[in-house]
Amino acid sequence: MIQNLNEELFSFIKKSPTGFHAVHELANYLTEAGFERLAEGNTWNLAEGGKYFVTRNQSAIIAFKVSRKDYSGFHIAASHSDSPSLKIKEDPEMNVENQYVKLNVEKYGGMLCAPWFDRPLSVAGRIIVKDGNRLTTKLINVDRDLLMIPNLAIHMNREANSGVSYNPQKDMLPLFSMGGSDVSLQKLLSTQLDVEEKDILSHDLFLYNRMEGSIWGAENEFASSARLDDLQCAFASLKGFLGAQKQDCIAVHCVLDNEEVGSGTKQGAASTFLKDTLLRINSGLGRTYEEYLMTLADSFMISADNAHALHPNYTDKADPVNHPLLNKGIVIKYNANQKYCTDAVSAAVFKDLCDRAGVPWQTFVNRSDIPGGSTLGNISNTQVPMNTVDIGLPQLSMHSPYETAGVRDTEYFVKAAKEFFA
Ligand code: CO
């Protein structure tokens, strides 16, 4: 079971090099499970027993099951589809003394820069193509070793092992071709998509790490892959959501975009996407606005975003007591300044849920002298206020293009999500 689950997770991540692809894959899972696709631009005809999903910007998705019209509340699990990466700028080819062509890129999110060097990279994202009188969107994944960001040799920077600061405009531009090649990125993409080069009007394209997921360690304890933050949570939440039959509540599986850049977009946690969807469920089932507010008071959200495990080389960076370990269960995240919205009430509800599911849980708090990160729960709460717990699966190397987790923890979240949605 655990091995199959990790392999399925790796396969999901491989097909999901960007948030656009992740949402496409999640939609495939849902369609296969009999969910009906709704469009924000159309009228929704919802019925008791129905299963639906809706996307926004192709990079955020909300799925829900209408178990009954007189539901008592929403049970929501939210995660995010994006990860730190390098985004390709407009007109990206840069000629280097007629000898090389490199691509102009900019950072997306708070990445660890060093691990992006000296590894095969590729390009994926979406392209907008002029198709007669209309503009159509096409997802693209070049899906071959295409780019590399070469390190400077130690001989040319003797300080390279004593701490380097990376200038993204100088140090991190990937090599694309030798000079004199007449293959531009646009040409390469147009050939793959079988469209005219001139018809490609615009793009949202990101670099991604080509290395596939790997299970390793003396007893195969560790699972490493790109984009574990936060596709591990998005995947586990979906598996639990699909595996559960909800009776009294509306089960909502929600994957939002742009968490890595502050969530402040139309498809991020600060947007009205979740609120709009819940309101349309409410009115689509013939309920009043007051009933909507009443159900919010009886609702619960799991904000799921990966958590820091104790690092073997930096135990001093962790809280002396609340430092989660790989393979030891779901992490409940606390922060006095409310970067995480866990409080005594939501923590108790979640611990009880895990106990009922037979799943171990552990706790994370930052060292009091290290500010730590943030996530989407408290941002989402400003639009859709409800009892919320911030949780995640323990991992190392967060925001590296190759992150490490435990082989057991994905299953723990699947089980807890199943209990939550059932
Ligand atoms: Co995250």
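The model is predicted: local features need pLDDT of at least 70 and side-chain atom pairs pLDDT 80 or more, whereas totals for chains, interfaces and linings use all residues. Residues are numbered from 1 along each chain as its sequence is written, and side-chain values use heavy atoms, with hydrogens and water left out.

**Aromatic pairs**

Begin with the rings of Phe, Tyr and Trp (its six-membered ring), which pair if their centres lie within 6.5 Å; planes under 30 degrees apart are stacked, over 60 edge-to-face, and the rest tilted. By this rule there are 13 aromatic pairs.

Select tyrosine 52 and phenylalanine 64: their pair is tilted, at 5.5 Å centre to centre with 35° between the planes. Tyrosine 52 belongs to strand E2 (residues 51-56) and phenylalanine 64 to strand E3 (residues 60-65), so the pair ties together parts twelve residues apart in sequence. Strands (E, at least two residues) and helices (H or I, at least four) are DSSP runs, numbered from the N terminus. Tyrosine 52, at 3% relative accessibility, counts as buried, and phenylalanine 64 is buried at 0%. Here buried means under 20% relative accessible area, exposed over 50%, and partly exposed in between (1.4 Å probe, protein chains only).

Next, select tyrosine 108 and phenylalanine 206. Their ring centres are 5.6 Å apart and their planes stand at 80°, so this pair is edge-to-face. Tyrosine 108 lies in strand E6 (residues 100-108) and phenylalanine 206 in strand E10 (residues 200-209), so the pair ties together parts 98 residues apart in sequence. Both residues, tyrosine 108 and phenylalanine 206, are buried.

Then display Phe35, Phe241, Phe300, Phe420 and Phe421, which ring pairs link into a cluster.

**Charges over rings**

A charge sits over a ring if NZ of Lys or CZ of Arg is within 6 Å of the ring centre and within 35 degrees of the ring normal. Lysine 65 lies over the face of phenylalanine 241, at 4.7 Å from the ring centre. Arginine 280 lies over the face of tryptophan 44, at 4.1 Å from the ring centre.

Aspartate 229 and aspartate 305 are buried.
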